[in-house]
Each structure stands twice: as C-alpha cells, then as structure tokens.
Amino acid sequence: EGYFADLVLLDMKNSWKVTKKNILYKCGWSPFEDETFRSRITHTFVNGHLAYLDGRFDDTKKGKRLRFDR
C-alpha cells in the first residue's frame with residue numbers, strides 16, 4: 001500500500017491468432033502476425049487504473065515515469 005503498481009491479468013486457456021484485424025499497434029503491423037498464442041491478456045491496470053479491458057483502452061489516466069534516488 002502506498003506504492004504505484006502495474007498489473008496484467010491473463011486468461012491462460014484462451015488461445016488466439018494475431019492478424020491484421022486484431023493488431024492494436026498504431027503502426028498497423030506486428031512481427032507476430034500469423035502467430036498463435038496460448039493465452040490472452042484480459043485486463044491491464046496502470047497505477048491501479050483499469051487501462052485495458054478485453055480490447056478496449058481507457059487512457060484518461062497515464063502511467064508515471066520511474067524515478068530513482070541515486
């Protein structure tokens with residue numbers, strides 16, 4: 001408690017194939033095209049904020065830059 005954290009949740013039994021239609025990169029291509037993965041990301045939390053849910057993004061809150069006390 002009191003620290004920032006990011007968290008990704010996976011569905012380990014939901015395989016899917018990367019295609020041009022489901023690529024979410026801004027550039028529109030991926031080196032993973034035509035690859036099949038055995039699991040799928042379902043949720044991504046950034047600093048406790050739900051930023052991604054089943055293909056939909058909420059970028060109303062941004063992540064924070066890491067700072068190190070050296």
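**Rings, loops and strands**

Visitor: Let's begin with Phe57: is it buried or exposed?
Guide: Phe57 counts as exposed, since its relative accessibility is 57%. The terms work like this: buried means under 20% relative accessible area, exposed means over 50%, and partly exposed lies in between, using a 1.4 Å probe and protein chains only.

Visitor: Before we go on, what sort of model is this?
Guide: It is a predicted model, in which local features need pLDDT of at least 70 and side-chain atom pairs count only at pLDDT 80 or more, while totals for chains, interfaces and linings use all residues. Residues are numbered from 1 along each chain as its sequence is written, and side-chain values use heavy atoms, with hydrogens and water left out.

Visitor: Okay, how many aromatic pairs are there?
Guide: Searching the whole structure gives 3 aromatic pairs. In the pair of Phe32 and Phe37, the ring centres are 5.8 Å apart and the planes stand at 70°, so this pair is edge-to-face. For Tyr52 and Phe57, the centres are 5.0 Å apart with the planes at 55°, so that pair is tilted. Rings of Phe, Tyr and Trp (its six-membered ring) pair if their centres lie within 6.5 Å, and planes under 30 degrees apart count as stacked, over 60 as edge-to-face and the rest as tilted.

Visitor: Which residues do ring pairs link into a cluster?
Guide: The cluster is made of Trp16, Phe32 and Phe37. Phe32 is partly exposed, at 40% relative accessible area, and Phe37 is also partly exposed, at 32%.

Visitor: New topic: what order do the strands of the sheet have?
Guide: The sheet is open, with 4 strands in the order 1-4-5-6 and antiparallel pairing. Strand 1 (6–11) and strand 6 (56–57) are at the edges with a single partner strand each, so one side of each has no neighbour in the sheet. Helices (H or I, at least four residues) and strands (E, at least two) are DSSP runs numbered from the N terminus, and two strands pair if DSSP finds at least two bridges between them.

Visitor: How many bridges join strand 1 to strand 4?
Guide: There are 6 bridges between strand 1 and strand 4 (residues 40–46), and the two run antiparallel. Looking at one of the residues, Leu10 has Ile41 in strand 4 as its bridge partner.

Visitor: What about His49, which residues does it touch?
Guide: Leaving out residues up to four places away in sequence, His49 touches Thr44, Asp58, Thr60 and Lys61, where contact means heavy atoms within 4.5 Å. His49 lies in strand 5 and is buried, at 13% relative accessibility. A polar atom of the His49 side chain lies 3.2 Å from the backbone oxygen of Asp58.

Visitor: Last one: where is Asp54 found?
Guide: Asp54 is in the loop between strand 5 (49–53) and strand 6, and although Asp54 is not a glycine, its phi is positive, near 45°. Asp54 is partly exposed, with a relative accessible area of 46%.

Technical notes: Polar contact = N/O pair within 3.5 Å; in protein donor to acceptor, adjacent residues only side chain to side chain.
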